[in-house]
Amino acid sequence: MYQQQEDTGIDAFAQFGQQSQQYHPSPELSEQINASKCSPYLTEILVGCEQLIAEGEEDSPTWISAIRQRFEDPQMDEVSKKIGVKLIIEMAFTMEPNQFRTADPQNTFSNLLKTLSYEVKDFLRVFIVPTLGEYHEGRKQLENDSRVYMAVFYAEVFVKLTLDNGSRFDKIGAALADQIEEILKFQPKDEYMKCLLRAFKVAGAELDTSEDLKLRADHILTIMGGYAKGSPLLGDSVKAQIFSLIECRTRGWDRAAARGPVRSSAGAGGGGGCVADRGEHDSSFDDSTDNDLTEEERQFLESHLEQVESRRGAEEDYDEQEMMKEFGKFVKEELQQAELKSTSEMLQKLEIEKDTAGAATETDETTPKTEEK
């Protein structure tokens, strides 16, 4: 079956490799593609990505196999491979989620990166994650629409990309939180809020597996709840969906956080180019596995994404601050109410525990306590 997919991948490019592409990369990326000594291969990768979107899930294994072959070609140098990854990521955040009937760009291209990370040795560490870090750092140069679509894409890759030991990149989750917090400072739009709702539906359960990311999600959802209660710019349907999302979270997202396989480093290269569907987020997050990162992976996290924390707030432009002021008072009240509620619940819980302990002592001090399971 693997050889058959190899053959179909070659046939696919023989049929479509010379046709003119429909997607036009950004000027900067186009220049890099044209200057690359592997420009023909990069053009074929572009055509393959277009066919993934045009033909949908049914033919995706054929095009995944064809794209992987180009990345694995001995003539493809590391610079060209990184340009190819840039192309995939750029297509993911410049295409509207509901633009095509056959495929969803953010889901499709996150699945493509997931498959390449499984099948091409060191592809995740050397090419995918550093490039995600670069695009995240340069996000403020993009149009608002692209930044919103980028958040949807980062939600997808946060769930789907894992290390060989099965652990998730927590810093990608932090980047996602950064992006959402910034988007909430844009002029409110139903379309933007729907994208943020989708991002939480995709990655909410996984964000809550990290204490730090869970706290950031608390803050984000409080702001979204404030919009749902007080913004005249959002439709009633979107407001209802926000309340529904917040309620869903109180139920534990109605699903467990996705878990994925622990892969051996020798396993890269197998799998035959198949792409998992949206329901198979093969990844997990466990704080106990963080110490299993390789030195190269740790260096990446420090050099590419750790800068996000130190830069947050320092790069906020004037317009974003002005937008924040417009709804800041309302959100502040919401946060204060949430804090008062939390404090009240904590005090009430302590009072109940005190009363319960006193009653138990008066009833029978010799009765042994039942061990909590």
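User: What is the mean pLDDT of the chain?
Analyst: pLDDT is the predictor's confidence in each residue, from 0 to 100. In this chain, 64% of the residues reach 70 or more. The mean is 78.

User: How many contacts beyond four places in sequence does the model have for residues 304-327?
Analyst: Over this stretch, pLDDT stays under 50. Where pLDDT is low, the predicted coordinates should not be read in detail. With contact meaning heavy atoms within 4.5 Å, the number for residues 304-327 is 38.

User: How far apart are the end C-alpha atoms of helix H5?
Analyst: Helices are DSSP runs of H or I, at least four residues long, numbered from the N terminus. The expected span is 1.5 Å times one less than the number of residues, so the 17 residues of H5 (residues 78-94) should span 24 Å. The model agrees, with the end C-alpha atoms apart by 24 Å.

User: How many residues of H6 are buried?
Analyst: Buried means under 20% relative accessible area, exposed means over 50%, and partly exposed is in between (1.4 Å probe, protein chains only). H6 covers residues 105-119 and is largely enclosed by the rest of the structure. The count of buried residues is 15 of 15.

User: Which residue's backbone nitrogen lies 2.8 Å from a polar atom of the side chain of Asp104?
Analyst: Asp104 lies in the loop between H5 and H6, and counts as buried because its relative accessible area is 14%. At the start of H6, a side-chain oxygen of Asp104 also reaches to within 3.3 Å of the backbone nitrogen of Gln106. The residue at 2.8 Å is Asn107.

User: How far apart in space are Thr102 and Glu57, C-alpha to C-alpha?
Analyst: Thr102 is found in the loop between H5 and H6, and is partly exposed, with a relative accessible area of 40%. Beyond four places away in sequence, Thr102 touches Ile53, Ala54, Glu55, Gly56 and Glu57. Thr102 and Glu57 are 45 residues apart in sequence, yet their separation in space is 7.7 Å.

User: What is the angle between the planes of Phe123 and Phe127?
Analyst: Rings of Phe, Tyr and Trp (its six-membered ring) pair if their centres lie within 6.5 Å; planes under 30 degrees apart are stacked, over 60 edge-to-face, and the rest tilted. The structure holds six such pairs. Phe123 and Phe127 make a tilted one, 5.2 Å centre to centre, and being four residues apart in helix H7 they are separated by about one helical turn. The angle between their planes is 45 degrees.

User: Which residue's ring does the charged end of Arg70 sit over?
Analyst: A charge sits over a ring if NZ of Lys or CZ of Arg is within 6 Å of the ring centre and within 35 degrees of the ring normal. For Arg70, the distance to the ring centre is 5.4 Å. The ring belongs to Tyr41.

Technical notes:
Residues are numbered from 1 along each chain as its sequence is written. This is a predicted model: local features need pLDDT of at least 70, side-chain atom pairs count only at pLDDT 80 or more; totals for chains, interfaces and linings use all residues. Side-chain values use heavy atoms; hydrogens and water are left out. Helices (H or I, at least four residues) and strands (E, at least two) are DSSP runs, numbered from the N terminus. A polar contact is a pair of N or O atoms within 3.5 Å; within protein, one must be able to donate a hydrogen and the other to accept it, and residues adjacent in sequence count only if both atoms are side-chain atoms.
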